[in-house]
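Subject: Structure for your review

Dear colleague,

Please find below the structure that I am handing over to you. My findings follow it, and I would ask you to read them with the model open.

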Amino acid sequence: MKITDIEVIHLRVPAPGEVCEWGEDAIIVRVHTDEGITGIGESDSSPMVIKALIETPNSNLYCYGLKELLIGENPLEIARLWQKMYWSSNYVGRRGAGIHAISAIDIALWDIAAKYYNVPLHTLLGGKFRDRIRAYGTFIPADRPEDNREIALKLVEKGFKSLKFGGGVLGDDPDTDYQIVKHVREAIGYEIELQIDLATKWGTAGHALRMCKRLEEFDLNWIEEPVLADDIKGYTKLAAQATQKIAGGEALTTRYEFKDFLERFDPDIVQPDITRCGGITEMRKIYDMAQLNGVQLIPHGFSTGILLAASVHFLASCEHGTLMEYSESTSPLVNDNGLVINPIAFHEGFLEVPDRPGLGIELNDEFIKEFQVN
Ligand SMILES: [Mg+2]
């Protein structure tokens with residue numbers, strides 16, 4: 001089997017007349033082969049940058065576009081192809097967007113391989129530990145603290161036993177932060193797991209520690225990205241002194257950055273995004289390192305049903321892969337909102353692990369036509 005083409009599809013919403021909350025764009029790839037099997041992948045990154053990294057013709061030994069490297073190759077040789085892409089793009093890649101682009105293609109190669117062997121992806125990854133995975137619902141908080149009561153309650157009614165909020169105004173003002181957490185906790189009670197995501201907006205460890213202390217009464221399960229992912233001392237201080245679990249890592253790529261984060265930052269939870277960290281191939285290495293460091297891996301996931309399917313197969317194949325993020329964005333691109341024909345099913349707070357071959361999903365071509373940027 002040989003790779004014959006790599007299609008890079010840039011999707012953008014809102015279409016005229018529609019509003020959406022995050023999930024405003026997506027970059028997906030379709031890797032085609034001469035045996036008629038097509039693999040699907042995506043990267044939750046900057047679409048135009050990823051498109052360029054895949055499609056650009058090579059300008060020197062270490063500045064290859066990924067597509068040129070893969071045409072004519074056997075898509076089943078995933079580990080070798082990962083290394084070929086990494087090595088041959090290392091002036092423009094190695095970290096950041098270069099790895100985001102590799103992630104999209106890596107997911108598509110795993111999809112091809114599992115379809116070729118006619119097994120669900122979790123079988124190819126070693127077998128599934130479970131048939132369903134608990135999901136936590138993520139929402140962006142409303143500006144007025146009291147308005148978040150209803151948002152959170154609706155998610156509980158939908159079946160979630162675990163919730164997170166972050167983005168929006170969270171992190172901008174200590175009193176507003178306190179009030180939002182208070183209103184949400186009062187509304188949902190203490191039986192529902194609750195975590196918050198600062199998206200680095202607490203800025204410094206000193207301020208973050210003060211806030212962690214102030215929020216102790218609300219029994220938060222974890223505090224995510226209190227400070228930037230380069231702040232080693234900040235993370236280690238927080239991990240040592242905060243009573244809540246400290247989480248982070250969605251912005252990191254490759255086993256090299258995660259090794260540093262896991263060994264030196266001392267987090268309780270690590271959150272690689274499968275469409276950014278280096279794909280399924282690299283995610284497996286990061287999982288093993290997390291285990292060795294006594295850290296739980298809970299993937300970041302706030303994009304399309306492709307990301308969700310790849311993450312669910314991966315988690316199913318991990319002994320401790322028991323929790324997945326589930327975006328509550330209203331974007332038509334996200335989860336089961338239209339792009340994927342047979343998305344991962346959400347039922348009573350759980351995501352069902354599919355047993356169809358490959359990722360087990362197909363894309364809706366009509367939907368792609370409607371939202372594709374040409
Ligand atoms: Mg986050």
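Leaving aside its neighbours within four places in sequence, with which residues is Ser317 in contact? Please note before the reply that this is a predicted model. Ser317 contacts His122, Leu125, Gly127, Lys128 and Phe129 once neighbours within four places in sequence are set aside. Ser317 is found in the loop between helix H12 (305-316) and E11. Its relative accessibility is 14%, and because buried means under 20%, Ser317 counts as buried.

Asp197 belongs to strand E6 (residues 193-197) and Glu224 to strand E7 (residues 222-224); the two are 27 residues apart, and the pair links distant parts of the chain. Both Asp197 and Glu224 are buried.

Two pairs of helices

The first topic here is helix H3 (residues 78-88) with helix H4 (residues 96-116). Their axes come within 11 Å and cross at roughly 165°. Angles over 145 degrees count as roughly antiparallel, and H3 and H4 are therefore roughly antiparallel to each other. H3 passes H4 in a right-handed crossing. On the H3 side, the residues that meet H4 are Ile78, Leu81, Trp82, Met85 and Tyr86. They face Ile99, Ile102, Ile105, Asp106, Leu109, Trp110 and Ala113 in H4. Sorted by class, this contact of H3 with H4 has eleven nonpolar residues, no polar residues and one charged residue.

The next topic is helix H6 (residues 148-158) with helix H7 (residues 174-188). The axes of H6 and H7 come within 8 Å and cross at roughly 40°, which makes H6 oblique to H7. The crossing of H6 and H7 is right-handed. From H6, the residues Asn148, Arg149, Ala152, Leu153 and Val156 take part in the contact, and they meet Ile180, His183, Val184, Glu186, Ala187 and Ile188 in H7. By class, the contact of H6 with H7 has seven nonpolar, two polar and two charged residues.

Residues in loops

Is Ile341 buried or exposed? With a relative accessibility of 52%, Ile341 counts as exposed. Ile341 is found in the loop between strand E11 (323-327) and strand E12 (346-347). Not counting residues up to four places away in sequence, Ile341 touches Glu362, Leu363 and Asn364. From C-alpha to C-alpha, Ile341 and Leu363 are 5.7 Å apart in space, while in sequence they are 22 residues apart.

Two further residues deserve a look for their backbone angles. Thr200 has a phi near 75°, a positive value in a residue other than glycine. Thr200 is placed in the loop between E6 and helix H8 (205-214), and at 23% relative accessibility it counts as partly exposed. Asp266 is not a glycine, yet its phi is positive, at about 60°. Asp266 is found in the loop between helix H10 (254-265) and strand E9 (269-270). With a relative accessible area of 48%, Asp266 is partly exposed.

With kind regards

Notes
Residues are numbered from 1 along each chain as its sequence is written. This is a predicted model: local features need pLDDT of at least 70, side-chain atom pairs count only at pLDDT 80 or more; totals for chains, interfaces and linings use all residues. Side-chain values use heavy atoms; hydrogens and water are left out. Helices (H or I, at least four residues) and strands (E, at least two) are DSSP runs, numbered from the N terminus. Buried means under 20% relative accessible area, exposed over 50%, partly exposed in between (1.4 Å probe, protein chains only). Axes are lines fitted to C-alpha atoms, for helices over the stretch in contact, and angles run from 0 to 180 degrees between N-to-C directions. Angles under 35 degrees count as roughly parallel, over 145 as roughly antiparallel, 65 to 115 as roughly perpendicular and the rest as oblique. A crossing is left-handed if the near helix is turned anticlockwise from the far one by less than a right angle, and right-handed if clockwise. Contact means heavy atoms within 4.5 Å. Ala, Val, Leu, Ile, Met, Phe, Trp, Tyr, Cys and Pro count as nonpolar, Asp, Glu, Lys and Arg as charged, and the others, Gly among them, as polar.
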